[in-house]
Amino acid sequence: MTDTSEATPTPIGRRTVLIATGAAAATLAVTAAAPEAPEADAAGAAPVAAAAVCTLTKEMTEGPYYLDGALVRADIREDKTGFRLNLALTVVDDDTCAVIPNALVEIWHADALGEYSGYVGSNGHNEPDNGTFLRSGVLTDSSGVADITTVYPGWYRGRCVHIHIKVHTGVTLTSDGSFTGGTELHTGQLFFDETISARVGALSPYSANTVTRTTLAQDSIYDEGGAASGLLTLTALGSSPSAGYTGTLTLGIER
C-alpha cells in the first residue's frame, strides 16, 4: 500500500529518501485495564497512563515522502502559514499502559498547499523548498508526552488530511540537531475529523490548494478505526478555525 497512485517523486534537499515497501502490517486493537492511579514499585516501574484502557495503534505505510535525519525540535512551522496545531501525543506500552519516556516521536506532513519539504512541486504548486519544513522529532517527557507545534496540514492528490508518524526508542541526539540509531517501534498516520478539515479547507491559505480534497471516507488508507487507527481528538483554540486546534492521541506501542 502506498500513499498515492502516482510514481514516487524525486526529492531535493540534504537527506536520504526511505521508500516504504509493501503493505503495512494490520494489527488488531487490544485493550488492557489500567490501575486506578500511577504507581512505581521498588524496581522503579514506569508510571501508568491516565487513560482507562490502552489500545494498540494500527501500523500504516510511511508513504513516499519520508526523509531520514529529521531535526529534533518542538516547533516545526518555520515560515509556513496555516492554522496553529498543538500536538500532545502520549506514548504507552499497549500491554501494560506504562508510559514510555525518552521515546522519539517523529512526524512529517504537507503544508497548506499539500506540498512536502524535499518534494515541493509534487502537488502542483511552486514554492521555496528547504528540505526541512514541517518535519521533526521530539523526545517524550517523563509522562510519555511529546509536544509539537505545527500547522493544520493541507492535502495532496488522492489522500485525506493526515500526518505521518514514527516512534523510536534508544536514539542518540547528534551535534547537528538531529538523531541517529535506536529502534523503530511504530510507523503510522494521524487523521483529522472530516467536519473540521472541511471548515479549515474553505479558508485561506488552504483554499488556495488547487487539488480536490479526498475525504476520510474516500481515503484508501484510513479504515474508520477511530483512535486505534490514529484519529486525533481535536479541541478548538478559539471561535474560528483560524485560531487553531490542539490534537491529542495516546499511541499504544508494541515494545
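For this tour, rings of Phe, Tyr and Trp (its six-membered ring) pair if their centres lie within 6.5 Å. By that rule, this predicted model has 10 aromatic pairs.

Start by selecting Tyr65 and Tyr119. Their planes stand at 80° with the ring centres 5.1 Å apart, so this pair is edge-to-face. Now colour by sequence: Tyr65 sits in the loop between strand S2 (53–55) and strand S3 (84–93), while Tyr119 is in the loop between strand S4 (104–108) and strand S5 (135–139), 54 residues apart. Both are buried, Tyr65 with a relative accessible area of 4% and Tyr119 with 1%.

Next, pick Tyr152 and Phe192. This aromatic pair is tilted, at 4.7 Å centre to centre and 55° between the planes. Tyr152 belongs to the loop between strand S6 (145–151) and strand S7 (162–169), and Phe192 to the loop between strand S10 (183–191) and helix H1 (194–201), so the pair ties together parts 40 residues apart in sequence. Tyr152 and Phe192 are buried too.

Now for some charges. Show Lys80 and Phe133: the charged end of Lys80 sits over the Phe133 ring, 4.0 Å from its centre. Then go to Lys166, whose charged end sits over the ring of Tyr66, 5.0 Å from the centre.

Finally, zoom out and switch to cartoon. You'll find one helix and 12 strands, and of the 255 residues, 50% count as buried. Among contacts between residues at least 6 apart in sequence, 76% join residues at least 24 apart.

Note on methods:
Residues are numbered from 1 along each chain as its sequence is written. This is a predicted model: local features need pLDDT of at least 70, side-chain atom pairs count only at pLDDT 80 or more; totals for chains, interfaces and linings use all residues. Side-chain values use heavy atoms; hydrogens and water are left out. Helices (H or I, at least four residues) and strands (E, at least two) are DSSP runs, numbered from the N terminus. Buried means under 20% relative accessible area, exposed over 50%, partly exposed in between (1.4 Å probe, protein chains only). Contact means heavy atoms within 4.5 Å. Rings of Phe, Tyr and Trp (its six-membered ring) pair if their centres lie within 6.5 Å; planes under 30 degrees apart count as stacked, over 60 as edge-to-face and the rest as tilted. A charge sits over a ring if NZ of Lys or CZ of Arg is within 6 Å of the ring centre and within 35 degrees of the ring normal.
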